[in-house]
Amino acid sequence: MRPEARPPRIALYGGSFDPPHICHVLAATWVLCREDVDELRVVPVFQHAFGKRMAPFELRCAMIEAAMAHLGPRIRVDRVEQRRGGTSYTIDTVEALLAEHPGAELAFVGGTDLFRDRHRWKRWDDLQRLMRFIILGRDGEPDPPGATIAARLPPVSSTDIRARIASGQPVGHLVPPGALDLIEAHGLYR
């Protein structure tokens, strides 16, 4: 008699990834090494719920894949928000993934900036019921009230990287080489 298979343990790392940077890679590495998960799915926003303008979806996916390829088969870009189409709300994405993987144990990886804005999220209480949260802090930023910080990362942000690129400053120390190659090839953020 075969033992019953346990449900998959999937960590979802959501965000704009516009562009992905070294702290995104550090966060993914930390989750794969320290959390009890079978896989980490990086879930880029397709259409931002708060109206944020972003680089084209396919380019962001390609940059993430280039930045994180060295982490191996337990990590992948999941285009669930593109498959769903329209504005991206985390609760809808989570429910779609649970429909694809009934019984899966989900964890959501995000920064304190996302946790700080949780009052703006659609159906926050349902999200807390459906999955656990792995909140990553950023050095120099205060922790939001009620957050349990799993790890703290250096103070690197995509917003700052876009501003540096726009002003002609170097970003090679902040963006993994494969992602930087795509930024340069497509003239992003200039």
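Let's start in the loop between S1 and H1, which is where phenylalanine 17 lies. Helices and strands here are DSSP runs numbered from the N terminus (H or I of at least four residues for helices, E of at least two for strands). Phenylalanine 17 is not a glycine, yet it has a positive phi of about 50°.

A word on the ground rules before we go on. This is a predicted model, in which local features need pLDDT of at least 70 and side-chain atom pairs count only at pLDDT 80 or more, while totals for chains, interfaces and linings use all residues. Residues are numbered from 1 along each chain as its sequence is written, and side-chain values use heavy atoms, with hydrogens and water left out.

Now for the sheet. Six strands form an open sheet with parallel pairing, and their order is S3-S2-S1-S4-S5-S6; two strands count as paired if DSSP finds at least two bridges between them. Strand S3 (75–77) and strand S6 (149–153) each have a single partner strand and stand at the edges, so one side of each is left without a neighbour in the sheet. From one strand to the next, the twist averages 25°.

Helix H2 lies across S2 and S3 and runs at about 150° to S2. Angles run from 0 to 180 degrees between N-to-C directions, and axes are lines fitted to C-alpha atoms, for helices over the stretch in contact. H2 (residues 57–68) also has a helical partner: its axis and that of helix H8 (residues 177–186) come within 7 Å and cross at roughly 150°. That makes H2 roughly antiparallel to H8, a label used for angles over 145 degrees. In this contact (heavy atoms within 4.5 Å), Leu59, Ala62, Met63, Ala66 and Ala67 of H2 meet Gly178, Ala179, Leu182, Ile183 and His186 of H8. The residues of the contact divide into eight nonpolar, two polar and no charged. Ala, Val, Leu, Ile, Met, Phe, Trp, Tyr, Cys and Pro count as nonpolar, Asp, Glu, Lys and Arg as charged, and the others, Gly among them, as polar.

The largest pocket has a volume of about 950 Å³, a volume being the space filled by probe spheres set on the points. Of its 47 lining residues, the closest to its centre are Gly14, Gly15, Ser16, Asp113 and Leu114. The elements that each supply at least two lining residues include strand S1 (9–15), helix H1 (22–34) and strand S4 (105–111). By class, the pocket lining has 21 nonpolar, 16 polar and ten charged residues.

The largest cavity has a volume of about 30 Å³. Its lining includes Phe108, Leu114, Trp121 and Trp124, and S4 gives the largest share, three residues. This lining has seven nonpolar, two polar and no charged residues.

Methods: 1 Å grid on protein atoms, 1.4 Å probe; cavity = no way out; pocket = protein on both sides within 12 Å on 5 of 7 lines; lining within 4 Å. Parallel < 35°, antiparallel > 145°, perpendicular 65-115°, else oblique.
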